Amino acid sequence: MQDLHGYYLEDLEVGMSDSYAKTITDADVVLFAGLSGDNNPIHINDEYAKTTPFKQRIVHGMFSAALISTVAGTRLPGPGAIYIDQQLKFKAPVHIGDTATASLTVTEIDERRRRVKCRTDVHVGDTLVATGEGTFMVDRREA
């Protein structure tokens, strides 16, 4: 089972970071709408979206949050970490065809409580589209 575990608390240092990039397709948006139940026409209806300030469909904001979760659960802190909290602000829309890159950077480690805080950002190119802070519970290495 050791191969399935990510970083242990003792392995982490402030400043460590990792990321995940995904080019978002129409199918991704439709599947996310079906999975989440969020069928807001801004995400799935071209004609409606043209009447909005965005003038085109936009990707669900929580899709960006899911990309953050991908980094946390598979890379940093990785498998075994438990998501405790996420604060998130959406700064700009993501469009179908964009490549969104989610990144986590360790900002604080509380060894006593086994909590790790990370800055969580999502960019499309140089544009910050979502930003916040996540907190994770991370296992200690067994003695």
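**View A. D98 touches K22, T23, I24 and V124, leaving out residues up to four places away in sequence.** Contact here means heavy atoms within 4.5 Å. The model is predicted, so local features need pLDDT of at least 70 and side-chain atom pairs pLDDT 80 or more, while totals for chains, interfaces and linings use all residues. Residues are numbered from 1 along each chain as its sequence is written, and side-chain values use heavy atoms, with hydrogens and water left out. D98 sits in the loop between β2 and β3 (99–110). Helices (H or I, at least four residues) and strands (E, at least two) are DSSP runs, numbered from the N terminus. D98 is buried, yet has no salt bridge. Buried means under 20% relative accessible area, exposed means over 50%, and partly exposed lies in between (1.4 Å probe, protein chains only). A salt bridge is a side-chain nitrogen of Lys or Arg within 4 Å of a carboxyl oxygen of Asp or Glu. For D98, the nearest side chain of opposite charge is R57, 12 Å away. For charge, Lys and Arg count as positive and Asp and Glu as negative; His and the chain ends are not counted. The side chain of D98 does have a polar atom 2.8 Å from the backbone nitrogen of H95. A polar contact is a pair of N or O atoms within 3.5 Å; within protein, one must be able to donate a hydrogen and the other to accept it, and residues adjacent in sequence count only if both atoms are side-chain atoms.

**View B. H43 is found in helix α2 (residues 41–44).** Is H43 buried or exposed? H43 is buried, with a relative accessible area of 7%. Its side chain reaches the backbone oxygen of I58 at 2.8 Å. Beyond the neighbours within four places in sequence, H43 is in contact with V29, D38, R57, I58, V59 and H60.

**View C. The structure holds seven salt bridges, among them K22 with D28.** Side chains of opposite charge can pair when their charged atoms come close. In the pair of K22 and D28, the closest N and O atoms are 2.9 Å apart. K22 is partly exposed at 24% relative accessibility. D28 counts as buried at 17%.

**View D. D46 forms a salt bridge with R57.** Their closest N and O atoms are 3.7 Å apart. D46 lies in helix α3 (residues 46–50) and R57 in the loop between α3 and α4, so the pair ties together parts that are 11 residues apart in sequence. D46 is partly exposed at 44% relative accessibility. R57 is buried at 10%.

**View E. Helix α3 holds both K50 and E47.** The two are three residues apart, about one turn of the helix. They form a salt bridge, with the closest N and O atoms 3.3 Å apart. K50 is partly exposed at 48% relative accessibility. E47 counts as exposed at 54%. Elsewhere, salt bridges that share partners join D26, D46 and R57 into one network.

**View F. A search of the whole structure finds two aromatic pairs.** The rings of F32 and F63 have their centres 5.3 Å apart and their planes at 55°, so this pair is tilted. Rings of Phe, Tyr and Trp (its six-membered ring) pair if their centres lie within 6.5 Å; planes under 30 degrees apart count as stacked, over 60 as edge-to-face and the rest as tilted. F32 lies in helix α1 (residues 26–36) and F63 in helix α4 (residues 61–74), so the pair ties together parts 31 residues apart in sequence. Both F32 and F63 are buried.

**View G. The rings of Y83 and F136 form a tilted pair.** The ring centres are 4.7 Å apart, with the planes at 40°. Y83 is in strand β2 (residues 82–90) and F136 in strand β5 (residues 127–137), so the pair links distant parts of the chain, 53 residues apart. Y83 is partly exposed, with a relative accessible area of 31%. F136 is buried, at 1%.

**View H. G80 is found in the loop between α4 and β2.** G80 is partly exposed at 36% relative accessibility. Which residues does G80 touch, not counting those up to four places away in sequence? G80 touches H5, M137 and D139.
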